[in-house]
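Subject: Handover of a structure

Dear colleague,

I am handing over the structure shown below for your records. Please read the notes that follow it alongside the sequence.

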Amino acid sequence: MKPLRLIEKHFYFSGDDHVHSGSIDNGFFICGFNAHKKLSFFYFNAEVTDFQKEIDFLNHEMEKRGFPSESCTIKSILPLEFHDHPFFNETKWGSVHLLDPQTIEKDFFYYPESGRLRVKILSQLVYQSPQPEAQQHKIKVLIIDDSLTIHTLLKRLLSRAPDIEVVGAVANPLDVEKAIRKYNPDVLTVDIHMNPTDGVSLLKKIMPETPIPSLIISSLSLQDGPFVLDALEAGAVDYIQKPTMEHLDSFAVEVLEKIRTVSIAKVKIKKNVKIPEPLLTGEMDSRAMIVMGASTGGTEAVASILAHLPKEIPPILLVQHIPASFSKAFADRLNQLCPFHVVEAANGMVIRANTVYVAPGGLHTRVMTKAGEWVLKVYEAPPVNRHRPSVDVLFESVAQEVTGRTVLALLLTGMGSDGAQGLLKLKKSGALTAAQDKESCVVYGMPKVAVELGAADHVLPLEQMPQWLRISLQKKKRTA
C-alpha cells in the first residue's frame, strides 16, 4: 500500500506515488493531472481570502512549468460562488470537474501518480473521477447541422475531451439514417433550423426506430421555444444554444458536460400511458401545496404528471432547469395541455389554488409570507448547485415559510444533486416527499441523491405519481 501523506504545503507539484490527504472546511482544493507528462499538481488553502490573487499565483506557477495542455484534467473542491470563475472555463483544459464542499465529507484523498481525487459525497456516494487515459469507451458523437462552420467548431471543441470522439458530421439531414448505420454513434447533436428537413421532423422520423440520445444545439430564441419543446417531446434529451464568440469559452465547458450527461440518458419516446383511477373520489384539498423540481428529461415528466391531474388542484410550484428564453414557452404549453392555469412565476404573485407557477429561467424563485399570504419572490442571485433557478432554493423556502398546510414534494429526473437537500428539509418539516425511480428517469441523478439521503418517503415510477398526488390530497370522502 502506498504511504499516505498529509497535505501541508499550499502549493505542490508532484511526480511521486504517495497518497495525499486533506480536510476541506472553509477552504478550497485544486488539483490537475497532465496525462502526457505524467505530472500532477495540487493547491490547497484552508480558508478562502483573496481567490483571484491565489488563482493568479497558481496560473503563474503552472505557466512556468508548461503545465497547461489539452490533455490536462482539472478537479476542484471549492464553494459554489467560485464555480463560474474564468479559470475553470479556460478551453486549454481537457476537462474540468467541480465539487461543492457542502455536498461532501470534509476528508479527501489525492493520488498524484494518476490524478485521481477521492471523496465521499453526501456521506454515502463515492466520487472517483476517471483518468483520461483510462477511458474504456469514448463517447461517439455524430454532428447533424447544415452549417459547415458549426461542424468545424464542434469538432474542435469536442476533440479536446479525451473521453469524446466525433465520428462524423452530416450537413444534409436526409443523409442522417445512412450515417447512423455507418458510425453507430452514442450521441447525436441536432440543429433545429435545417433544410430540407428541420431537426424536429428528423427526430420524429428516426427516434422510433433508432432511439439515440440527442442534444439539440441550435440558435435558440424566445420564438424557438415551442420548437425546442417539440424536439424534447420527440425524444431529444437536452438542449443548448449555439455560442457567440464572446461566450465561446463557457459554451465549451457546458457542451462537454451536456454530451456526457446525454450519453448516459434513457431516451423516452412520448406515448399515451393509461393511469389507473384513484381509489378515492372527490376533490383534492385546495389548502395543500405541491412543489416539484426537475432537470434533464423533466419537461416531459412534468407534463405527464400535470396532464393527469383534475381541474381543481392545490397550488403547484415548479422549478425546471430551463433557459430564460424558454420558461414562458414551457408554461404556455402546459397551460394548453392542462385544465387549470399554468403561468410563469413573477415577483409578488400571490399563490392561489388551481394554478401552477413555473419558475422563470435565469432567476431564483422562493416562497415568502406577506400580509398573511404566501407570495412568490422572483429574484436574481448567484447560481445554487450550479443552477438558476435552483430546486433547493424553492424547496428550502417552502420548508421554512409554509406552515399549517399539507405539503407534497416531488423530485424528478435530472443530473446532479439539486433539490436533494431541499427535499430532506421538507421531509423534516413534515411534508410528504417522493422521488422518481431509476427505471422511469431519463437521468437518475437528483432523485438518486435524495433517496440515498433518506429524503424520499416514496420512490415511484413516473406514471404512478399523479395517482399518488390525488390520493394523498383527496378530501376524505369515500365512494359507497
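The notes below cover a sheet and its helices, salt bridges, and some backbone features.

This is a predicted model, in which local features need pLDDT of at least 70 and side-chain atom pairs count only at pLDDT 80 or more, while totals for chains, interfaces and linings use all residues. Residues are numbered from 1 along each chain as its sequence is written, and side-chain values use heavy atoms, with hydrogens and water left out.

The sheet

Seven strands form an open sheet with parallel pairing, in the order β18-β19-β17-β16-β22-β23-β24. Strands (E, at least two residues) and helices (H or I, at least four residues) are DSSP runs, numbered from the N terminus; two strands pair if DSSP finds at least two bridges between them. The edges are taken by β18 (341-344) and β24 (458-460); each has a single partner strand, so one side of each is left without a neighbour in the sheet. On average, neighbouring strands of this sheet are turned by 20° against each other, direction ignored. Such angles run from 0 to 180 degrees between N-to-C directions, with axes being lines fitted to C-alpha atoms, for helices over the stretch in contact.

Within the sheet, β22 (residues 407-411) pairs with β23 (residues 432-436) in the parallel sense over four bridges. The bridge partner of L410 in β23 is A434. Helix α10 (residues 420-428) packs on the sheet and touches β16 (289-294), β22 and β23; contact means heavy atoms within 4.5 Å. The direction of α10 makes about 155° with that of β22. Helix α8 (residues 327-337) lies across β17 (316-320), β18 and β19 (355-358), and runs at about 175° to β18.

Salt bridges

The structure holds 13 salt bridges, each being a side-chain nitrogen of Lys or Arg within 4 Å of a carboxyl oxygen of Asp or Glu. In one of them, R260 is joined to D163, with the closest N and O atoms 2.7 Å apart. This pair links distant parts of the chain, 97 residues apart: R260 is in helix α6 (residues 248-263), and D163 is in the loop between α2 (148-158) and β12 (164-170). D163 counts as buried at 10% relative accessibility, whereas R260 is partly exposed at 21%. Here buried means under 20% relative accessible area, exposed over 50%, and partly exposed in between (1.4 Å probe, protein chains only).

K425 forms a salt bridge with E396, the closest N and O atoms being 3.5 Å apart. K425 lies in helix α10 and E396 in helix α9 (residues 391-401), 29 residues apart. K425 is partly exposed at 39% relative accessibility, and E396 is partly exposed at 22%.

Backbone features

A cis peptide bond joins N195 and P196, with omega about 0°; P196 is in the loop between β13 (187-190) and α4. A cis peptide bond also joins R388 and P389, with omega about 15°, and P389 is found in the loop between β21 (373-379) and α9.

N184 is not a glycine, although its phi is positive, at about 50°. N184 sits in the loop between α3 and β13 and is exposed, with a relative accessible area of 51%. N354, in the loop between β18 and β19, has a positive phi near 65° and is likewise a residue other than glycine. N354 is partly exposed, at 24% relative accessible area.

Yours sincerely
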